[in-house]
Amino acid sequence: MHKPPVLWVHGADDKIVADTSFVDINHLGQLGAIPGWPGKEAAPPQPMKQQTRAVLDAYARAGGSFTEVEFSDCGHSPHLEYPDTFLDALGAHVGIKARISS
């Protein structure tokens, strides 16, 4: 079975897709910010970057491949915060020169 290469682009400072995301109600519950949170056994926090990396590592072990591009000093939107660098990474992934001249 053909397994296409995957490009994972993310910001190092992303607060939304993060291992300790403040949009994860269970992470907030663990911090004591959600009254009545049932506890880690019933509602564990979701470490999103760890989970993504685990899925991509399993994909690679099964014969696929992935490239991870992490943008430092970048939040949730690398394509908006660093558009030229993002387009370079995307272009390299799909095999074209993606930079658009202004």
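Asp 24 is in contact with Pro 45, Gln 46 and Met 48, setting aside neighbours within four places in sequence. The model is predicted. Asp 24 sits in the loop between strand E1 (6-11) and helix H1 (25-30). The side chain of Asp 24 is 2.7 Å from the backbone nitrogen of Gln 46. Asp 24 is buried but has no salt bridge. Lys 40 is the nearest side chain of opposite charge, and it is 11 Å away; a salt bridge would need a side-chain nitrogen within 4 Å of a carboxyl oxygen.

Met 48, one of the residues in contact with Asp 24, brings us to helix H2 (residues 48-61). Helix H2 has 14 residues and reaches 20 Å from its first C-alpha to its last, close to the 20 Å expected at 1.5 Å a residue. Just after H2, Gly 63 takes a positive phi of about 105°.

Next come the aromatic rings. The count of aromatic pairs is 1. Phe 71 and Tyr 82 make a stacked pair, with 6.0 Å between the centres and 25° between the planes. Phe 71 belongs to strand E2 (residues 66-71) and Tyr 82 to the loop between helix H3 (78-81) and H4, so the pair ties together parts 11 residues apart in sequence. Phe 71 is buried, at a relative accessible area of 6%, whereas Tyr 82 is partly exposed, at 31%.

Helix H4 covers residues 83-94. At 1.5 Å a residue its 12 residues should span 16 Å, and the end C-alpha atoms are 16 Å apart, which agrees. Just after H4, Gly 95 has a positive phi of about 85°.

Key:
Residues are numbered from 1 along each chain as its sequence is written. This is a predicted model: local features need pLDDT of at least 70, side-chain atom pairs count only at pLDDT 80 or more; totals for chains, interfaces and linings use all residues. Side-chain values use heavy atoms; hydrogens and water are left out. Helices (H or I, at least four residues) and strands (E, at least two) are DSSP runs, numbered from the N terminus. The expected span of a helix is 1.5 Å times one less than its number of residues. Buried means under 20% relative accessible area, exposed over 50%, partly exposed in between (1.4 Å probe, protein chains only). Lys and Arg count as positive and Asp and Glu as negative; His and the chain ends are not counted. A polar contact is a pair of N or O atoms within 3.5 Å; within protein, one must be able to donate a hydrogen and the other to accept it, and residues adjacent in sequence count only if both atoms are side-chain atoms. Contact means heavy atoms within 4.5 Å. Rings of Phe, Tyr and Trp (its six-membered ring) pair if their centres lie within 6.5 Å; planes under 30 degrees apart count as stacked, over 60 as edge-to-face and the rest as tilted.
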